[in-house]
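Subject: Structure handover

Hello,

Here is the structure I promised you. Please open it alongside this note. My findings follow below.

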Amino acid sequence: MPPYKHMRITVIAVCMLWAWLIAVTSCKSNTNTGNGTGQEAISLPDTLHVGTLYSPMSYFIYREEQMGYDYDLVQRFGSDKGITIDLHVAPSMASLIQMLDSGIIDLAAYEIPITSEYRGHVLPAGPENTTSQVLVQRKPSKKHPGITNVTQLVGRDIYVENASKYQQRLINLNNELGGGIRIHTIDKDTLITEDLIEMVSEGKLPLTVVDSDIASLNRTYYPDLDISLPISFQQRSAWGVSPKSPWLADSINSWLNDTERKKSRSRLHKRYFELSKVSPAVNINFSSGRISPYDDLFRKYAAEAGIDWRLLASQGYAESQFDTTVISWAGAKGIMQIMPRTAKAYGLSEAEILSPEPNIRCAAKIMASLDKLLENHVKNPEERTKFVLAAYNSGIAHIYDAIALAAKTGKQTDVWDDNVSDALMLKSNPEYYNDPVCKHGYFRGRQTTSYVKKVLDFYEKAKAKIKK
């Protein structure tokens, strides 16, 4: 064969190989490489349909912004992969699994237990979480040394939700120990797990039991709690995809194993499960004749908003103790703790948000807007102030939900104390935040009710000491 023919065949072969390499490289970023079993690679869709549940860990709305550990993580997956996340919120775990079975969603971004119960319906994917049930008690002291071993539970009173897995675990543990644990059950229509944790923190109850991830999250609100003693075996859980979609599980797992993604996930975990969500107490005695170094700004912009400047200053105290540099776990910034998206909506730039004057000016505008939005719901100006403060802290969507819940449960819809405030507290209970009248799901209402009280208590002290 002439030499030029050999050269021609070689050139053609090289070109074909080069074309194949280009094709493979061009689709590598959005194509799964299989699960090691030789299956054909499948590209990620342009839109990923994702299901989740409202909860303090997975997904919730706070100050009009969508949040949650699972929500943030799946949004980052979509951003990194260049795909749109279409979010669906299911009312229950059973509904979430059904949505996965029927193909309504591609991915369940919620901690689904890895058990035989779900094996035929769910293929685990993504972040695996390992939890156990733990004892919740106050931190030990000389007077109360604390419980360090399950055998010390004999003769103790423990309070848990009635008909819950915690009750069943305590019954089994009691049998293992030969009896003696005094198990008290609480009707979940009256109190739920979050309430019991708060009551332990306040010393109203001695002990309760919850899952370790729930305990970790709640300790960010109640740092005086000890959650170090496990009382059950560990339970694994993870996101889930359909068993028909192992390629999607592979893609998510591969993404999570990247070094940068591991760091990102660690930061998210710290945000939700480690960073304190309570502000240190700062005593202000008004002896200087001033409330804060920013009284002139509070006077100026409160006047424009038509409110008492001492009330606006009281918010500044409750929000940040007048710290201009503080950034909350949720991303709220500055003296008045304004969320970046809200700041943008009111014309406050990212560069200005930590600056005292524009921050206070923006807060005054927000208060005036909320007052107008609530004017038709609460006619009495003094009473409406409580609603406005609550809406500033939680976002007005949850206040609208609370008003609707108040109406449904036979409470006064234009009275805050013991009426709409109680309805807002119900929004941490699945029975109520999944009710059709609630449009915005789970919310930790006890923080907002405490905020309103804190602002108004400080305001009363300020009015007694500081001239208008």
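Which residue of S12 does Thr-130 stand opposite? Thr-130 faces Arg-236.

First, the ground rules. This is a predicted model, in which local features need pLDDT of at least 70 and side-chain atom pairs count only at pLDDT 80 or more, while totals for chains, interfaces and linings use all residues. Residues are numbered from 1 along each chain as its sequence is written, and side-chain values use heavy atoms, with hydrogens and water left out.

The overall picture

The protein chain has 17 helices and twelve strands. Both are DSSP runs numbered from the N terminus (helices: H or I, at least four residues; strands: E, at least two). The C-alpha trace spans about 105 × 65 × 45 Å along its principal axes. Of the 468 residues, 48% count as buried. Buried means under 20% relative accessible area, exposed over 50%, and partly exposed in between (1.4 Å probe, protein chains only). Among contacts with a separation of 6 or more, 69% join residues 24 or more positions apart. Contact means heavy atoms within 4.5 Å.

The sheet

Five strands make an open sheet with mixed pairing, in the order S4-S1-S5-S12-S6. Two strands pair if DSSP finds at least two bridges between them. S4 (84-90) and S6 (123-131) stand at the edges with a single partner strand each, so one side of each has no neighbour in the sheet. From one strand to the next, the twist averages 25°. Angles run from 0 to 180 degrees between N-to-C directions, with axes fitted as lines to C-alpha atoms (for helices, over the stretch in contact).

S6 and S12 (residues 235-241) pair in the antiparallel sense over six bridges. Helix H3 (residues 93-102) lies across S1 (47-53), S4, S5 (107-113) and S12. H3 runs at about 135° to S5. Helix H7 (residues 246-256) also packs on the sheet, touching S1, S5, S6 and S12. The direction of H7 makes about 50° with that of S6.

A covered helix

Helix H6 (residues 212-219) has these buried residues: Ser-212, Asp-213, Ala-215, Leu-217 and Asn-218. Their cover includes S6, S7 (133-138), H5, S10 (208-211), S11 (225-230) and H8 (259-273).

The second largest pocket

Its volume is about 1,000 Å³. On a 1 Å grid over the protein atoms alone, a pocket is an open set of points where a 1.4 Å probe fits, with protein on both sides within 12 Å along at least five of seven lines; lining residues have an atom within 4 Å of a point. The volume is the space filled by probe spheres set on the points, which are joined across faces, edges and corners.

The lining has 38 residues. Tyr-221, Lys-277, Val-278, Ser-279 and Gln-447 lie nearest the centre. H17 gives the largest share, six residues. By class, 18 are nonpolar, eleven polar and nine charged. Here Ala, Val, Leu, Ile, Met, Phe, Trp, Tyr, Cys and Pro count as nonpolar, Asp, Glu, Lys and Arg as charged, and the others, Gly among them, as polar.

Most residues other than glycine have a negative phi. Arg-63 has a positive phi, near 50°. Arg-63 sits in the loop between S2 and S3 (65-67), and counts as buried at 6% relative accessibility. Phe-322 also has a positive phi, about 70°. Phe-322 is in the loop between H10 and H11 (340-345). Phe-322 counts as buried because its relative accessibility is 10%.

Best wishes
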